[in-house]
Amino acid sequence: MSIDGKVALVTGAAQGIGRGIALRLARDGFNLALVDLKDDKLHDVKKEIEALGRKATTFKADLSDRDQVIKAIDHAEKELGGFDVMVNNAGIAQVNPIAEVTPKEFEQMMNINVGSVMWGIQAAAAKFKAIGTKGKIISASSIAGHEGFAMLGTYSASKFAVRALTQAAAKEYASDGITVNAYCPGVVGTDMWVEIDERFATLTGAAKGETYEKYVNGIALGRAETPEDVAGLVSFLAGPDSDYITGQAILTDGGMVYR
């Protein structure tokens, strides 16, 4: 499979891991559809991709809404002339003891972290089959999808659910030549982890930065993860060398969780 000119859609592409993935895939030769609610930042990423000599298009969407996910994929195919890879990257974190989680918080977590993946898998597979493409679906799980973490109960539950959807979808779509995999980052130095650290500080009385440092100190390779570290795995899963891999949720955490 030649990558040059193929089309990948990345959700949550405005910043952090999503931006890192989009830029790496552009360097690999993909043209990019960038989807997020933060459309102002999306345009900055679009310019970065175009500076690399690739095509890019943006689409503002609430990814917990099934219809908007379908429209985003239709937009990608129309604007870029095809559709080959779906990266369900968008997600949020919540730090709260299980005893204090509200119905609204739980619903929000599941709608975004699980719902966006469900609708992304469903809509991408339908599009692949409609246009006759043996596509690839790649979704964001987490180390918290392999091990539940205190104060991150609902987040962990959502990421375990992504692993379940990945396995089930891989089995359902294998006969169509569609592969379905997930990537599982650890502690990545992005705005999300700044928010996690600040919330831990509020709940536990830890000094600002202390929780982040504690987790980083537990990484075998001795440093925090970067978006580029995550993007390297996604690049592999999006490319031809992973054609015989499906149904997997691969840890990329520098050595934190071992399975």
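1. In what order do the seven strands of the open sheet come? They run β3-β2-β1-β4-β5-β6-β7, and the pairing is parallel. Keep in mind that this is a predicted model.

2. At the edges of that sheet sit β3 (56-60) and β7 (249-252), each pairing on one side only. Direction ignored, neighbouring strands are turned against each other by 20° on average.

3. Leucine 32 stands opposite alanine 56 of β3.

4. Now for the helices. α1 lies across β1 (7-11), β2, β4 (85-88) and β6, at about 170° to β1. α5, for its part, lies across β5 (136-140), β6 and β7, and runs at about 160° to β6.

5. On to the pockets. The largest pocket has a volume of about 960 Å³. Its lining counts 41 residues, with Asn89, Ala90, Gly91, Ile92 and Met192 nearest the centre. By type, the lining splits into 22 nonpolar, 13 polar and six charged residues.

6. Which elements supply at least two residues each to that lining? They are α1 (16-28), α4 (103-131), α5 (153-173), β6 (179-185) and α6 (191-204). α6 gives the most, with five residues.

7. The second largest pocket holds about 250 Å³ of space. It is lined by 15 residues, and Lys134, Gly135, Gly177, Thr179 and Asp243 are the closest to its centre. This lining divides into five nonpolar, five polar and five charged residues.

Key. Residues numbered from 1 in each chain as written. Predicted model: local features only at pLDDT ≥ 70, side-chain atom pairs only at ≥ 80, totals over all residues. Heavy atoms only, no water. 1 Å grid on protein atoms, 1.4 Å probe; cavity = no way out; pocket = protein on both sides within 12 Å on 5 of 7 lines; lining within 4 Å. Points joined across faces, edges and corners; volume = space filled by probe spheres on them. Helix = DSSP H or I, 4+ residues; strand = E, 2+ residues; numbered from the N terminus. Nonpolar A, V, L, I, M, F, W, Y, C, P; charged D, E, K, R; others polar. Pairing = 2+ DSSP bridges. Axes fitted to C-alpha atoms, helices over the stretch in contact; angles between N-to-C directions. Contact = heavy atoms within 4.5 Å.
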